[in-house]
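Subject: Structure for your review, with notes on cavities, pockets and the ligand

Dear colleague,

Please find the structure below for your records.

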Amino acid sequence: MRDKWSSKLGFILAAAGSAVGLGNLWKFPYSASTNGGGAFVAIYIAFLIIIGCPLMLAGITLGRKTQLSVFGAYKSINKNWSFVGTLGVICGFFILAFYSTVGGWVLYYLKNALLGGLNITDPNVLGEIFNNLMNSPIELILYQFIFMALTVSIVLKGISGGIEKASKVMMPALFIMLIIVAIRSLTLEGSIEGLKFLFMPDFSKINMEVIINALGQMFFSLSVGMGTMVTYGSYLDKKENILNTGVIVPALDTAVALIAGIAIIPAVFALGFEATEGPGLMFITLPAVFASMPMGNIFNIAFFLLVVFASLTSSISMLEVAVSYFVDEKQKSRVPSTLIIGLVIFALGIPASLSMGIWQDVGILGNLGFFDVYDKLTSNILLPTGAFLLCIFTGWVLKTEEAIKEIESSGVKFKLANIWSILIKYVVPVGVLIILINSYIDFFVSIF
Ligand code: PHE
């Protein structure tokens, strides 16, 4: 018997757990601040409604209909389309390879916070701590290994006993901690400037790059485009109403991204730091921000603990896509598959970890090092490609009428079925394709 979620709430927490991760807490705040603040947030939300929600529903529906993980789901409807599943599995390997790099940094920071080593207000000193970590291969690889070991230990236990149980504990804890940190940040004097920056769009800042980044960020953050939602949807019981999950999961994901922005950016402004720091925002600026507040170290600990929870509930979903392929399609057992795949991804991730420090000058594609190649290849190329193909598949191969039947099979009425159909068949594929062509050009230009 194939494992199942024990309840719909379990599924929602696991799916939201997959969506909420480093994409929300680490990438969103710095992407928003380096891509023009409010303008980026506005485009992001527009993409979310027009493209993200319809695709989320399409993915969950495909999984629930076929009760198979991503490769089998496509194959069972049309053999020629199984390559989309393969793409998803490959994408999962590469995302997790660099995700576990950052996951390792977060674990290292949590350890530091627990030992009181982050109680530092000078960003220069914190910058040194970050650089030292980047240049300590042993430490990087060790923490990346621990992160992968934690991920593996959850996936080993399967769907209801592993992924669902872990998400049920970690997700509520994460929400509570994030809200506390956000309230603290908003009550600092001067935080209003940060809010203005985040929510008052300056549309003159919009250009193609901002648009590509907002779209890539949305796919990454929602975990759509590589089959995560197809796979998670496949463990849903036929009696569950899936219609509202297509809105609930993206809404939770976006709420967390915005609250993370609210927790971070206003505090950065209020305490006089620079918000346009980029990827270092979370590791260099933020600890300084917390350390400058009363009881700052407690906030450092709470924050890095919540980031650990968020990243683990995401990393398990990436690993599950690959594991379920071997379990469903190759009839392999879960435990050895999980262990072997976990090890392979760990090995694939080592160069990504090293490329931020001692391998800084090693470019594998043009100037891009391993970390950047994995990141750009997945976020800007594979995920949007996978999302585009999911859309064409649902609209024209499976056909939206069939998908709507599946959605309504639990007895709900899909009132927006016509609009959804038009979005999936025409609007989303055309929109994604235009941006995708630009991403391809962008990617190849950065290589050559
Ligand atoms: N959505 C996750 C995050 O925001 C990342 C992710 C991408 C997870 C793709 C699964 C699949 O961190």
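The model is predicted, so local features need pLDDT of at least 70 and side-chain atom pairs count only at pLDDT 80 or more, while totals for chains, interfaces and linings use all residues. Residues are numbered from 1 along each chain as its sequence is written, and side-chain values use heavy atoms, with hydrogens and water left out.

Cavities

On a 1 Å grid over the protein atoms alone, a cavity is a set of points where a 1.4 Å probe fits but cannot get out; a pocket is an open set with protein on both sides within 12 Å along at least five of seven lines; lining residues have an atom within 4 Å of a point. Grid points are joined across faces, edges and corners, and a volume is the space filled by probe spheres set on the points.

Three cavities of 30 Å³ or more are found in the whole structure. The largest cavity holds about 120 Å³ of space. It is lined by 13 residues, with Ser18, Ile95, Phe220, Ser223 and Met318 the closest to its centre. The helix α14 (296-329) contributes the most to this lining, with three residues; helices here are DSSP runs (H or I, at least four residues), numbered from the N terminus. The lining comprises seven nonpolar, six polar and no charged residues, where Ala, Val, Leu, Ile, Met, Phe, Trp, Tyr, Cys and Pro count as nonpolar, Asp, Glu, Lys and Arg as charged, and the others, Gly among them, as polar.

The second largest cavity has about 100 Å³ of space. Among its 16 lining residues, Gly225, Met226, Gly227, Val230 and Leu390 lie nearest the centre. Its largest share, three residues, comes from α11.

The ligand

The ligand is surrounded by 16 residues (a heavy atom within 4 Å), and the closest are Ala19, Gly23, Tyr99, Phe220 and Ser223.

- Ala19: a backbone N or O atom at 2.9 Å from an oxygen atom of the ligand.
- Leu22: a polar backbone atom at 3.0 Å from an oxygen atom of the ligand.
- Gly23: a polar backbone atom at 2.9 Å from an oxygen atom of the ligand.

Taken alone, the ligand exposes 320 Å², and the protein buries 100% of that (Shrake-Rupley method, 1.4 Å probe). The shell around the ligand has seven nonpolar, nine polar and no charged residues.

Pockets

The largest pocket has a volume of about 810 Å³. Of its 35 lining residues, Tyr30, Pro279, Asp372, Asp375 and Lys376 lie nearest the centre. Its largest share, seven residues, comes from α16, and the lining divides into 12 nonpolar, 17 polar and six charged residues.

The second largest pocket has a volume of about 350 Å³. It is lined by 18 residues, and Cys53, Pro54, Val247, Leu416 and Trp420 are the closest to its centre. Here α3 gives the largest share, six residues. This lining has 15 nonpolar, two polar and one charged residue.

With kind regards

Technical notes
Helices (H or I, at least four residues) and strands (E, at least two) are DSSP runs, numbered from the N terminus. A polar contact is a pair of N or O atoms within 3.5 Å; within protein, one must be able to donate a hydrogen and the other to accept it, and residues adjacent in sequence count only if both atoms are side-chain atoms.
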